[in-house]
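Hello,

Here is the structure I said I would pass on. My notes on it follow below.

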Amino acid sequence: LIVARRSLATRLSLLSAVITVTVTGVALSALLVLGGRTVVRQEMQELAQSAELYAAAVRQSLRDAAGTIETLAALSGGCSPVFTAETRRLSQAVLGHGSLFSHLLLLDPDGKVLLVEPEKPGAESFRSDLSYAAWYAELSERRQTVVSDLFISTIDRRPTIVVAAPVLDPHGAIAAIWAGSLDLERLSALHLMPTGTDSRRAGYLTDRRGLVIAYQGNHRYVEEQTDFHSVPGVREALAGKKGTARYFNPFEQQEKLAAYLPLELTPGSPPWAVAYAVPTGYTLDPLDSLAWAVLGLGMLLAVLIAGLTVFGLRRFLKPLDSLVAAAERIGSGDFSSPPPPRTGDELEELGQAIARMAEGLRRKDERIHAQLTELQASNRELEAFSYSVSHDLRAPLRSIDGFSQALLEDYADSLPAEGAEYLGYLREASQQMGVLIDDLIRLSRLTRDELHSEEVDLSALARQAAEELRSREPDRAVELRIQPQVQAVGDPRLLRHVFQNLLGNAWKFTSRNPQARIEFGVQDGAGESRYFVRDNGVGFDMAYAKRLFSPFQRLHAKSEFEGSGIGLSLVQRVVRRHGGRVWAEAQPDRGATFYFTLKETDEE
Amino acid sequence: MNDRYVFLVEDNPHDVKLTERAFRKSNILNELRVAKDGVEAIEMLEKGDLPQIVLLDLKLPRLDGLGVLSWIRGQERTRLLPVIILTSSKEEQDLIEGYRLGANSYIRKPVDFDKFVEAVRELGLYWLVLNEPPPLE
């Protein structure tokens, strides 16, 4: 019982745990998918804003830088390039004012460097020729302010961008060129968030080829002149498109969320790319930790619920103990109905049902008891009746027979032949009735007597019955085939009647067959042992087989074969008392076989 | 042959007649005295001399055969009398009780008169001729 209940609790707690885990899992997936989507969307919006702001800041800085150079050019006021103290003082003032420039250069129209500020120790750079530079060619052609692509400065061997403006003489020819080399480190620091906040969100800038010019908080890409043009966001921006994307950046070996936009320095010229990006993980990590927390909580909840289920179920099912005890008591025949548990639930209902069942059983038991007593009484009456039948019914028969005999002997002379014949009938009838009474009493006794089962040698019983028959009619030639060693469990005293009757019948009904044969044996059929007695006598029509075993039924005229008609019903009673069946198979003039089974008691 | 009388305890007059006839037919010449119930049987045994044998029916008015048998075995004077139960009953219970109370023999009266005569003849031959009764004191 305890084991059964435990397993009920275990099953329910497992079920609840599974449900909890499932619910948690579903909630988790929803959180991860929907929440992830929302977080990414929000992040993208923020990134787009940041990108716009960053782009604006960059644009403004470059405009300022261009403005500075153009001012310098304007101040040079159409003069031919002169290297004066005034020029140097001017350039020093520009550099000292927290500008983005690392160097300022003054070039003559042919691209020869006239001045480098701050001055470099190596004097050779002073006379260097920058006419090979792409920006010089562009400026010479367009005669207006230009911004170069990234290149390595010959002055300090570092990557730089040059902003240059021409000094034009009154004829509009280039008299000199002012150029400023941008300190890209300072550009990278542009618009940088205060340290410690959002440090992993960063904007960067590439030139129109895709080379990194500025990268917030990570100058390495600039120093290494990394070409970002294969990065999807950069590629899109260089193509003039603006948007957001989630992609893998091969240089940073990271998945990124990014907003990008093109930055046009002058209308119509190929744009630079501005992007603002953050590692996806950085955005989604908080969500992941939340997911882990939810998962942990779910597990904890599952364990808690399972535990509570076990505890609760044990507690709620406690009254079952008394109910089981009650049922056991009822099972053992004690019908005193116990009070049902006052739990107010189904268990109380069950308790009441058990109590009602006990009451019903008690009433039925009483009824059965009363009936049994009645039955015993009527059985005793029957016994008394059969006693008186055996005693009192026989006395008159004896008189009829005895005095008929007396008449026949003492008054033979005065009796006509017919009278003597009638007296003979009287005697015959009374003797027959005597036999009938004896058989009836035997039949009723067989149903009454107690059964004493033991191991019985059926072959021996068959042999004994056969020997009795043979001794009664030693002149008859009957072939007897009795299978040896047929064992069964039963009451030998009762089983003897079975063989006396079955073999007696076979003996009787083969009397007209000069080659009479009677067999006894056993065969297996449908998992039970079927014992049989077979003869080659007159047999009978199977249409009458059902009536065979009823008392006083005869299938043959009395004048043909003797018998009271009670033998087979006696056989049936004995076999039934042994829990078996008896049946017959026969054909007229082809013999009959009687089968019977006995309950296989060896297994018990 | 011993010529003391045979004491028949039998309430059915027909059976008495038939028994008398059977004795006659079997050439048993001993006197036959009859008691019609158990009480009468005891009175007769108390007052008169003792018979050679007692033929005792079981189902009797007033006191039944087993009662008579028990009385006979209880009396010093009669306790050695040969008592043969002659009855219609073949109930096992009667047989056991009869022998337990000390019956010398138990014979069932057959319906067939010829068989009855045969039984009485054999009974007479054995108990009246062959058997040596206990000495009377």
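**Salt bridges**

B:R121 has a relative accessible area of 35%, so B:R121 is partly exposed (buried is under 20%, exposed over 50%, partly exposed in between, with a 1.4 Å probe and protein chains only). The side chain of B:R121 meets that of B:E118 in a salt bridge of 3.4 Å, N to O; a salt bridge is a side-chain nitrogen of Lys or Arg within 4 Å of a carboxyl oxygen of Asp or Glu. B:E118 is partly exposed too, with a relative accessible area of 35%. Helices (H or I, at least four residues) and strands (E, at least two) are DSSP runs, numbered from the N terminus.

This is a predicted model, in which local features need pLDDT of at least 70 and side-chain atom pairs count only at pLDDT 80 or more, while totals for chains, interfaces and linings use all residues. Residues are numbered from 1 along each chain as its sequence is written, chains are lettered from A and ligands numbered from 1 in the order in which they are written, and side-chain values use heavy atoms, leaving out hydrogens and water.

Over all chains the count comes to 39 salt bridges. One of them joins the side chains of A:E185 and A:R158 at 2.7 Å, N to O. This pair links distant parts of the chain, 27 residues apart: A:E185 is in helix 4 (residues 184–188) of chain A, and A:R158 is in the loop between strand 4 (151–152) and strand 5 (159–160) of chain A. A network of salt bridges links A:R398, B:E10, B:D15, B:D57 and B:K109.

**Polar contacts**

B:R21, in helix 1 (residues 13–25) of chain B, counts as buried because its relative accessibility is 6%. Its side chain is joined to that of A:E409 by a polar contact of 2.4 Å (a pair of N or O atoms within 3.5 Å; within protein, one must be able to donate a hydrogen and the other to accept it, and residues adjacent in sequence count only if both atoms are side-chain atoms). A:Y276 belongs to strand 12 (residues 272–279) of chain A and, at 2% relative accessibility, counts as buried. A polar contact of 3.4 Å joins the side chains of A:Y276 and A:Q216.

**Helix 7 of chain A**

Helix 7 of chain A bends by about 30 degrees at A:P286, the bend being the angle between axes fitted to the seven residues ending there and the seven starting there. Its buried residues include A:L284 and A:L287.

Regards
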